[in-house]
Amino acid sequence: MNLEQLRYFVMVAQLEHYGRAAKALYVTQSALSNSVRRLELELGVRLFDHVGRNVILTPQGKKFLLSVSAVLNELDGAVNEIKEFAKKSNSQIRIGAVASLLRGFLTGLLNAYNEKTPEKLTFDISQKGSTKECLSSLRSGQIDVAFCGYPVRESGFVWMPLLPQKVVATVCDSHPLASKELVSLEELKDYRVLSYRKPSYMYYALEKCFEEWGIEANESFEDEISALSVIGANEDSVAVMLDSIRDVAWESLRLLPIKEFDRPYHWIGFLYIEGHHYSSEILSFIDHMEEVCRSVSWVEPIERRYYS
């Protein structure tokens with residue numbers, strides 16, 4: 001006895017005609033008749049009586065139909081539940097992103113993808129404190145892809161540059177430098193400089209630069225968002241940081257270009273695991289992101305002089 005036989009039996013019972021049942025099941029009438037006959041032989045009872053060209057259930061057939069229908073309905077429900085779960089899982093992509101992207105740029109990028117694809121994705125986004133944390137989450141399977149800095153000295157990953165970022169000097173509008181349009185690293189030495197703290201990637205990306213220019217930078221924040229509060233509470237200081245907070249910086253703050261940093265200091269890119277078995281939905285998203293990244297004009301970041 002197998003599921004196919006049971007489904008054939010139910011269809012014959014519902015239509016009460018072998019010819020119509022065979023047509024509904026896309027099988028030959030002889031194959032259907034033989035299947036029901038084998039089922040009757042295995043059970044040791046007759047399931048149908050012939051009435052002209054039609055068939056009707058015997059008393060034993062009626063009892064068997066009730067039990068079989070309940071079992072098949074329960075089985076179909078379980079199969080549909082699993083399929084629905086798989087569909088939802090396949091249509092969801094888990095994204096890890098550093099704090100500097102968790103605003104307009106990333107949401108615009110993801111919404112643009114869903115607008116152009118018939119297979120829309122649900123984006124599960126989690127903030128990661130650093131590129132290193134993104135890598136760790138990818139390895140452990142907590143996320144599928146990431147938006148983060150360049151993964152220095154890491155193999156087994158594909159990283160493509162997406163968003164250039166410059167380093168700027170951020171001051172309160174009451175600071176002596178606030179009236180300037182451009183500052184130099186030499187000028188910053190006259191003030192208390194605040195910058196990233198360990199284990200932020202940017203701490204290491206700026207460390208040797210500060211040493212080269214003789215700047216004593218105080219470890220004061222982990223990311224650009226927290227840097228806003230830090231500089232707001234230290235009006236006499238200068239925060240040397242990435243410019244990724246331009247769209248959320250308070251009106252009382254000034255982001256000043258630094259003369260020596262006339263090109264991107266750092267890049268945020270798109271990261272995924274090379275050769276990983278992704279679902280077709282996620283692979284479509286990866287293909288899209290690679291196309292977006294290829295359209296970006298790459299400029300060697302300044303940080304490669306100091307940390308690579």
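How many helices and strands does the protein have? There are 10 helices and 12 strands, where helices (H or I, at least four residues) and strands (E, at least two) are DSSP runs numbered from the N terminus. This is a predicted model, in which local features need pLDDT of at least 70, side-chain atom pairs count only at pLDDT 80 or more, and totals for chains, interfaces and linings use all residues. Residues are numbered from 1 along each chain as its sequence is written, and side-chain values use heavy atoms, with hydrogens and water left out.

View 1. Along the principal axes, the C-alpha atoms fill a box of roughly 105 × 35 × 30 Å. Buried residues (under 20% relative accessible area; exposed is over 50%, partly exposed in between; 1.4 Å probe, protein chains only) make up 45% of the 308 residues.

**View 2. A mixed, open sheet.** Here 5 strands line up in the order β4-β3-β5-β12-β6, with mixed pairing; two strands pair if DSSP finds at least two bridges between them. β4 (122–128) and β6 stand at the edges with a single partner strand each, so one side of each has no neighbour in the sheet. From one strand to the next, the twist averages 20°. Helix α10 (residues 280–294) packs on the sheet, touching β3 (92–98), β4, β5 (145–148), β6 and β12, where contact means heavy atoms within 4.5 Å. The direction of α10 makes about 45° with that of β6 (axes are lines fitted to C-alpha atoms, for helices over the stretch in contact, and angles run from 0 to 180 degrees between N-to-C directions).

**View 3. Zooming in on β6 and its partner.** Strand β6 (residues 157–165) is mostly covered, with 7 of its 9 residues buried. β6 pairs with β12 (residues 266–273) in the antiparallel sense over 8 bridges. Phe157 sits opposite Ile273 in β12, and Trp159 has Leu271 as its bridge partner there.

**View 4. The two sides of α6.** In helix α6 (residues 131–140), the buried residues are Thr131, Cys134, Leu135, Ser137 and Leu138. They cover an arc of only 165° around the axis (using directions from the helix axis to the C-beta atoms), which puts them on the same side of α6. Lys132 and Arg139 are exposed on the other side. The buried residues of α6 pack against β3, β4, β5, β6 and β12. After α6 comes Gly141, with a positive phi near 85°.

**View 5. Nonpolar cores.** A nonpolar core is a set of buried Ala, Val, Leu, Ile, Met, Phe, Trp, Tyr and Cys residues joined through side-chain atoms within 4.5 Å. The largest has 40 residues, and Val167, Leu188, Met202 and Tyr265 touch the most other members. Helix α8 (201–213) is one of the elements supplying at least two residues, and α8 gives the most, with 7 residues. Leaving out residues up to four places away in sequence, Met202 touches Val167, Tyr196, Leu242, Tyr265, His266 and Glu303. Another core, of 36 residues, lies apart from the largest one and includes Val145, Phe157, Tyr272 and Met289.
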